[in-house]
Structure formats: structure tokens, C-alpha cells
Amino acid sequence: MNRRSARRDEEQNRRRLEAVAAAIGAVLAIGTLGVIIYEGVTSSDRPPLVELQAERVQAFEGGFLVEVAIRNAGDRAAADLTIEGLLNRGGSTVETSEMLLDYLPSSSSRRGGLYFRNDPADYELVLRASGYREP
Amino acid sequence: MTAEMWDLGATMDRHRLVIFIAGAFPVLAGLAWYCGFERTATPREAVEDAVVAFGVGFVTSAVILLLLDRIALDMRVGEIVRRIGIQAVPAGIGAVVARRQLTGGEDVDRQERASYGGELFLMAAGALFIAFNVAPTEEMVLIASTMTARHSVGLIALSVLMLHVLVYQVGFAGQEERPDYAGFGMTFLHFTLAGYGIALLVSLAVLWTFERTVGTGIADLATMAVVLGFPAALGAAVARLIV
């Protein structure tokens, strides 16, 4: 192989690599914009709708920990979301705990925990989201 | 890479985010034209470079956000894309500028290419790069909220002075030669004041992008622009020295 054809090969390789890099970049750019626009068009702009579920109760020295799954079924994000857990018995609340979630994006899940001194198994555990602000 | 940055990616208004990412491409193309990472001979190649730079920024952002546990695979696809997408813009700017910064090569052609309009563009790009990294932070709002008019005037004076001194008086590599035809007054008007104006405009644009302008009074907005204009002016000055 003479020198000139080697140089031509090198040049061709470079061109091919450039084309591949540009194609990947274009796919990522168009894909990014596409996903954002698609989400916006398909969402119906509902406010944050928070669904809570107690997942697991763990006993430890200081009391009990209830792990909570928090899901936002709405189309808008919530900031500074407060979540309360109440232990009720016979219509009266025996103990309350709360947590603060800094951000909960739309259609997303986060996890947290609530501590209680009493065993949640002995009471009716009520979970509720009490408030948020718009980010 | 602040908390505000990745959370903004997830929660930001769709229109602003789309405008922001789409608007990055002309900036990337312009940067590729003036200081790109490969021989950029035609405008078409500059556009190609911009696309490649975004891709590089996207991939590196994805890897880093994943390693830092800022994105997880159980997140919604849209959220992951948003978080990476917003970060890919400054990363892409870094990718374009990296070669020039790292090699420090002198490129005579490029220098000649930088006309007055080109220089103003570069100042805008530099201002954008810096402003963008500080604008999302809560501190901008906090600082602006306690500043009085006297503080603002002082900060404006300092910003303008810094811009002027950085570009014309200090002997950095790549320093602009003051054109012979221009005396102090002309230089000050043409470059320093123009540069500061650009820094303020870029600051306002970035504040708008990051939703800092929503529900903010005009006086507070002006103060915020001045606060952000200080680092932005630094970026504008430094950009002209790099390229």
C-alpha cells in the first residue's frame, strides 16, 4: 500500500467516524426534545395527586419505622410535600409523625419513612399528604 | 451540578426547557465556528460539530448523573431525559471549548475570523456558560433580596471595571490588542459597555429560563440581573481571552 492510499484511508475513516458521531448526537438531541414535547402534549396538566402506601413496618429500640412509598399520579411536580402518618384508635389519634419531601416530580415515586413510638400493628395507621408548594 | 440544576431538569416548565435546549444549538454552532474542536471549514460543519458536541455532552452527563445516583433506572423515562438534557447543554459547551482550553493553540485563521460581531457573540457565550452555572441556585434570589440600590450601583461599577481591566489592561495570553484607531473612550463604549450589556441580557435570559422571573417585581428582577451580571461579565471577559 503506498502512502497516498494510506492517507486516503485515514481520511475516509475520519469522515465515517464524524458521520457516526453526528448521527448519534442528532438522535440524542431530537430524542431529548421529542420526549419532553411528547410528555407535555400527552399530559393533561393535573395538579400533584399523591398516593401513599405503607410498605413495611420495622421494630427497633426506639420504636417502630413505617416505610412509605409516595407516588405522584398527577402531571405537575410538588415541592416541600408534607406527609403525615396517624395512629388512630376508636376515633381518636394516639400519635402522629410527619416527613417532608423536597421534590416529587410528576408520575414519579419516592420512598420515605415515618417513626412511631407505638406499634402501628395495634392501631389504625392513616397516611395522608397534607400540603405542597409549586416548585 | 447543583441540587437546583437536576431538580430543575425534572420540574421545569416544558416550553422553557425546549426553548433552552433548542436555543443551545446556535450557541454551540457559533462556538464551533470560532473555536471548535476540529477544523471547521464550512457553516455546515459547524452545525455538525454542534450536534456532536451535544451528543458528547449528553453521554458524559448521563454517565456522571448515573454514577452520582442523580438518575436511577426506576425513574420515569421523561424525568431521566429531562435531567440529562438540561445538563448536556453546559457539558456540550465545555466539549466545544475544551480543545482550545487544553491545547492553548494559537489559531491565526480563527483569530481573524472573530470580527466585532463575532467577539460580541463570544462574550455572550462566555457569559452564558458562567451565568448558567450560578443562575439556578437559591443564593441569587437570596443575595438580590437584601441588596439596596447603593449595593447594586456599587456592584455594577465593579462589574464594568473588572470587565474593562480583564480584557484590556492585564497581560493575559490571547489578550486583545487595542485597535489603533480607538482611544480609551471608544474602547470603553465598543467593548466594555457592550460586553456588560450582553452580560445583563444573558443574565435576564438565564433567569427567565430557570423561572426566577415568575412573579418577581421589576426592581427585584433588575437587582437579580445585576447580581448574576457580575459572574456573567467575568465569563464574557474570559471568553475573549480564551478564544
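User: What does the domain assignment of chain A give?
Analyst: Two domains: domain 1 covers 1-42 and domain 2 covers 50-133 of chain A. Domain bounds here come from an automatic or database domain assignment. Before going on, note that this is a predicted model: local features need pLDDT of at least 70, side-chain atom pairs count only at pLDDT 80 or more, and totals for chains, interfaces and linings use all residues. Residues are numbered from 1 along each chain as its sequence is written, while chains are lettered from A and ligands numbered from 1 in the order in which they are written.

User: How far apart do the C-alpha centres of those domains of chain A lie?
Analyst: The C-alpha centres of domain 1 and domain 2 of chain A are 48 Å apart.

User: Which strands make up the open sheet in chain A?
Analyst: The sheet has 3 strands in the order β4-β3-β6, with antiparallel pairing. Strands are DSSP runs of E with at least two residues, helices are runs of H or I with at least four, and both are numbered from the N terminus. Two strands pair if DSSP finds at least two bridges between them.

User: Which are the edge strands?
Analyst: β4 (92-104) and β6 (124-133) of chain A, as each pairs on one side only. Neighbouring strands of this sheet are turned by 20 degrees against each other on average, direction ignored. The axes behind that angle are lines fitted to C-alpha atoms.

User: How many bridges join β3 to β4 in chain A?
Analyst: There are 11 between β3 (residues 78-89) and β4 of chain A, and the two strands run antiparallel. A78(A) has L104(A) as its bridge partner in β4(A), and G85(A) has S97(A). The hairpin of these strands has 2 residues between them, and G90(A) takes a positive phi near 55 degrees there.

User: And how many bridges for β3(A) and β6(A)?
Analyst: That antiparallel pair has 8 bridges. N88(A) is bridged to E124(A) in β6(A).

User: Is D80(A) buried, exposed or partly exposed?
Analyst: D80(A) counts as partly exposed, because there are 14 C-beta neighbours inside 10 Å. A residue is buried if 20 or more other C-beta atoms lie within 10 Å of its own, exposed if 12 or fewer, and partly exposed in between, with C-beta atoms placed from the backbone.

User: New topic: what about the phi of D69(B)?
Analyst: D69(B) also has a positive phi, near 60 degrees, and is not glycine. D69(B) sits in the loop between α3 and α4 of chain B. D69(B) counts as exposed because the number of C-beta neighbours inside 10 Å is 7.

User: Where is D49(B) found?
Analyst: In helix α3 of chain B. D49(B) is buried, because 26 other C-beta atoms lie within 10 Å. D49(B) and V96(B) are 47 residues apart in sequence, yet 8.0 Å apart in space, C-alpha to C-alpha.

User: How is chain B divided?
Analyst: Into domain 1 (1-108) and domain 2 (114-243). Residues are in contact if their C-beta atoms, placed from the backbone, lie within 7 Å.

User: How many residues of chain B are in contact with chain A?
Analyst: 22 residues of chain B are in contact with 20 residues of chain A. On the chain B side, α1 (3-11), α2 (14-35), α3 (43-67) and α4 (77-103) each supply at least two residues.

User: Which residues touch the most other members of the largest nonpolar core?
Analyst: Of its 76 residues, L28(B), A127(B), A131(B), V202(B), V206(B), L228(B) and A236(B) do. A nonpolar core is a set of buried Ala, Val, Leu, Ile, Met, Phe, Trp, Tyr and Cys residues joined through C-beta atoms within 7 Å. A second, separate core of 18 residues includes V66(A), I83(A), L114(A) and A10(B).

Methods
Axes are lines fitted to C-alpha atoms, for helices over the stretch in contact, and angles run from 0 to 180 degrees between N-to-C directions. Two residues are in contact if their C-beta atoms, placed from the backbone, lie within 7 Å.
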